[in-house]
Amino acid sequence: MQRREFIGAVTAAVATATRSAAVEAGTSDGPGRPKETRRGDMLYRQLGSTKEEVSAIGLGGHHIGRQKDEKDSIAIIRSAIDAGITFMDNCWDYHDGGSEIRMGKALKDGYRKKVFLMTKIDGRTKKAAAEQIDECLKRLQTDVIDLVQHHEIIRMEDPDRIFVAGGAQEAVEAAKKAGKIRYIGFTGHKDPLVHLRMLEVAKEHGFKFDTAQMPLNVLDAHFRSFEKQVVPVLLKEGVGVLGMKALGDGLVLKSKTATPIECLQYALSLPTSVVITGIDSMAILKQALDVAKSFKPLTEKETADLLAKTKVAATKGEFERFKTTNAFDGTAKNPSWLGEHDKGPG
């Protein structure tokens with residue numbers, strides 16, 4: 001399929017998916033939200049079409065590796081869990097494995113049983129992916145990881161590399177069969193078309209992802225929007241929506257168009273199963289917990305007013321540099337993480 005044809009097909013698919021999701025939700029103006037319950041001060045939502053229930057706020061893995069003393073990281077993780085946050089985000093490459101090591105220590109003493117543990121791998125070959133999964137298990141000090149996601153699906157060729165014979169998908173499916181992992185997903189932060197391509201290639205191979213993770217924030221709605229192009233398809237197919245970069249690692253705040261509270265409220269008001277947010281201090285943890293405690297979905301007017309404030313700042317992607325530059329692309333800076341290079345012609 002040529003790119004022009006692909007874009008046309010995507011446009012049609014999105015329109016159809018949006019209508020279908022709205023019908024299934026019993027609404028006429030947008031997709032439905034996942035099943036939600038409140039226990040204490042925390043919200044819990046169903047993870048896609050799985051039977052898992054996870055906290056609507058997820059603890060970002062990169063930020064819990066930024067503290068100088070690992071004791072501070074462990075304290076943040078355990079305090080988050082004690083407050084009801086169950087969804088733990090991580091990645092094989094965060095801080096050269098430091099984030100996973102710290103989380104593994106934090107999840108000792110019975111804490112592992114209280115969480116839904118997710119991590120990501122960068123490997124594109126079966127060999128690289130399998131090795132990374134085993135490293136993740138060792139660092140996290142667990143026999144099974146609840147969710148493993150293919151990380152940084154940011155190039156149009158990434159899906160093909162993953163699903164080719166000898167690709168990373170073979171490794172994750174083998175790991176699931178072996179009981180090392182329970183669910184499989186993918187992440188990316190670059191372009192909605194790459195996410196849609198990943199879903200398309202998976203379908204061609206008879207595979208359905210359990211989750212997909214992407215930037216969902218007050219600026220995304222205006223520029224190369226995952227919210228508008230990808231989320232409706234995920235809802236139609238029953239894939240859990242994992243939102244990230246609600247504050248854009250601080251970039252959204254630099255646009256001076258929305259407060260941290262508004263950013264989190266907006267992302268939580270979307271049909272997300274989880275909003276994963278960076279928490280690097282007790283103060284930021286309290287901020288996220290306060291939002292969860294008092295959360296009510298934004299009204300149509302509140303949403304419209306917020307999007308009107310952010311429209312101009314969002315136009316060129318200036319404050320979503322993870323979409324427009326390679327500054328956030330760990331695999332671009334470290335291509336060896338992906339495994340063996342593709343063989344060229346001949």
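**Helix α2**

I began with helix α2 (residues 70-82) in this predicted model.

Next I asked myself which residues of α2 are buried. My list came out as Ser73, Ile74, Ile76, Ile77, Arg78, Ala80 and Ile81. As a reminder to myself, residues three or four places apart in an α-helix point the same way, because there are 3.6 residues a turn.

What do these buried residues pack against? I found β4 (57-59), β5 (87-88), α3 (98-106) and α12.

I then looked at both ends of the helix. At the start of α2, a side-chain oxygen of Asp69 comes to within 2.9 Å of the backbone nitrogen of Lys71. Just after α2, I noted Gly84 with a positive phi of about 110°.

**Lys120**

I moved on to Lys120, which sits in strand β6 (residues 116-121). Is this lysine buried or exposed? Its relative accessible area is 1%, and the cut-off for buried is under 20%, so Lys120 counts as buried.

I looked up what its side chain meets in there. The side chain of Asp89 makes a polar contact of 2.8 Å with that of Lys120. A polar atom of the Lys120 side chain also lies 2.9 Å from the backbone oxygen of Asn90. Leaving aside neighbours within four places in sequence, I wrote down the contacts of Lys120, among them Cys91, Trp92, Tyr94, Cys136, Gln149 and His151.

**Thr272**

Thr272 was my next stop, in the loop between α11 and β11. Its relative accessibility is 0%, so I put Thr272 down as buried. Where does its side chain reach? I traced it to the backbone oxygen of Ala267, at 3.1 Å. Not counting residues up to four places away in sequence, Thr272 touches Pro34, Arg45, Leu216, Val241, Gly243 and Ala267.

**Lys309**

For another lysine I picked Lys309, in helix α13 (residues 300-314). At 44% relative accessibility, Lys309 counts as partly exposed. Its side chain makes a polar contact of 3.3 Å with the side chain of Glu262. Not counting residues up to four places away in sequence, Lys309 touches Thr257 and Glu262. I also checked Leu219, 90 residues away along the chain: its C-alpha atom and that of Lys309 are separated by 9.7 Å.

**The largest pocket**

Then I turned to the largest pocket, which holds about 850 Å³ of space. How many residues line it? I noted 41, with His62, His63, Arg66, Lys245 and Asp249 nearest the centre. By type, the lining divides into 14 nonpolar, 17 polar and 10 charged residues.

I also sorted the lining by element. At least two residues each come from α11 (260-269), β11 (274-277), α12 (282-294) and α15 (330-333). The largest share, three residues, belongs to α12.

**Whole chain**

Last, I stepped back to the protein chain, where I noted 15 helices and 11 strands. Of its 346 residues, 56% are buried. Among contacts with a separation of 6 or more, 78% join residues 24 or more positions apart.

Conventions: Residues are numbered from 1 along each chain as its sequence is written. This is a predicted model: local features need pLDDT of at least 70, side-chain atom pairs count only at pLDDT 80 or more; totals for chains, interfaces and linings use all residues. Side-chain values use heavy atoms; hydrogens and water are left out. On a 1 Å grid over the protein atoms alone, a cavity is a set of points where a 1.4 Å probe fits but cannot get out, and a pocket is an open set with protein on both sides within 12 Å along at least five of seven lines; lining residues have an atom within 4 Å of a point. Grid points are joined across faces, edges and corners, and a volume is the space filled by probe spheres set on the points. Helices (H or I, at least four residues) and strands (E, at least two) are DSSP runs, numbered from the N terminus. Ala, Val, Leu, Ile, Met, Phe, Trp, Tyr, Cys and Pro count as nonpolar, Asp, Glu, Lys and Arg as charged, and the others, Gly among them, as polar. The expected span of a helix is 1.5 Å times one less than its number of residues. Buried means under 20% relative accessible area, exposed over 50%, partly exposed in between (1.4 Å probe, protein chains only). Contact means heavy atoms within 4.5 Å. A polar contact is a pair of N or O atoms within 3.5 Å; within protein, one must be able to donate a hydrogen and the other to accept it, and residues adjacent in sequence count only if both atoms are side-chain atoms.
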